[in-house]
Amino acid sequence: MLAPILAVALVLGVVALRATHSDAGFPLASSKRSSCGADAGRAPRELGLERARQLTLCLHNEQRASEGLPPLRRNSQLELAAQRYAEQMVAEQFFEHEAPNGSDPQDRILMAGYPSQAASTGENLAWGTGAEGTPVEIMDGWMHSPGHKANVLRPNFAEAGVGIVSDVPKDRQRMPAGATYAVSFGGAPLPAQPPSALP
């Protein structure tokens, strides 16, 4: 599902990937492979936060390279915004681009010190359980969602930060182990649009 939340005129996407119940015999690791590493199909809980972040950013850049786009650079301010938000969604048990306190992606990115008022910004969110919560499956879900794919492949985005929590943002008592992802994007401002000619 896509949420019609806008930040600097960019459509932002939200997707909740289907839950895979590990206690029902479903796989805990993905069989999908990537040039980013054989461990891209493992859960963040096993990978550790740093490796899960590296893989997720590498998977973004793998997709961008396939379209002839330059790689996204890791940015610590965008990473801080993304990590704080992933933690907030899990702690407060919600999954939306607009937080209960009313903040939106641009607000959060600005609060982390990134100059979002003078930049293009965006955000992708996802969560999943079992194999669906691995970096390679999360990226696959984003690439099959038009709004998320547009953010991953947006030419004017140059930097990104990845936030990951090894827990789920909803119904935690009934869900098996999973992971919640937030990616904050930043880059050059969009070119000014010329005013429309009046009749």
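Helices here are DSSP runs of H or I with at least four residues, and strands are runs of E with at least two. The model is predicted.

**Exercise 1. Describe the chain as a whole.** What percentage of the residues is buried, and what is the accessible surface of the chain?

*Solution.* Take burial, with buried meaning under 20% relative accessible area. Of 199 residues, 53% are buried. Next, the surface. It comes to about 9,300 Å², and carbon and sulfur atoms hold 56% of that. Last, contacts. Among those between residues at least 6 apart in sequence, 73% link residues at least 24 apart.

**Exercise 2. Check the length of α3.** What span should helix α3 have, and what is the distance between its end C-alpha atoms?

*Solution.* Helix α3 covers residues 76–92, which is 17 residues. The expected span is 1.5 Å times one less than the number of residues. That gives 24 Å, and the end C-alpha atoms lie 24 Å apart, so the two agree.

**Exercise 3. Inspect the ends of α3.** Which residue caps the N-terminal end, and which residue follows the helix?

*Solution.* At the N-terminal end, asparagine 75 is the cap. One of its side-chain oxygens lies 2.9 Å from the backbone nitrogen of glutamine 77. After the helix comes glutamine 93, with a positive phi near 55°.

How values were computed: Residues are numbered from 1 along each chain as its sequence is written. This is a predicted model: local features need pLDDT of at least 70, side-chain atom pairs count only at pLDDT 80 or more; totals for chains, interfaces and linings use all residues. Side-chain values use heavy atoms; hydrogens and water are left out. Buried means under 20% relative accessible area, exposed over 50%, partly exposed in between (1.4 Å probe, protein chains only). Contact means heavy atoms within 4.5 Å. Accessible areas come from the Shrake-Rupley method with a 1.4 Å probe; for residues, only the protein chains shown count as cover. A polar contact is a pair of N or O atoms within 3.5 Å; within protein, one must be able to donate a hydrogen and the other to accept it, and residues adjacent in sequence count only if both atoms are side-chain atoms.
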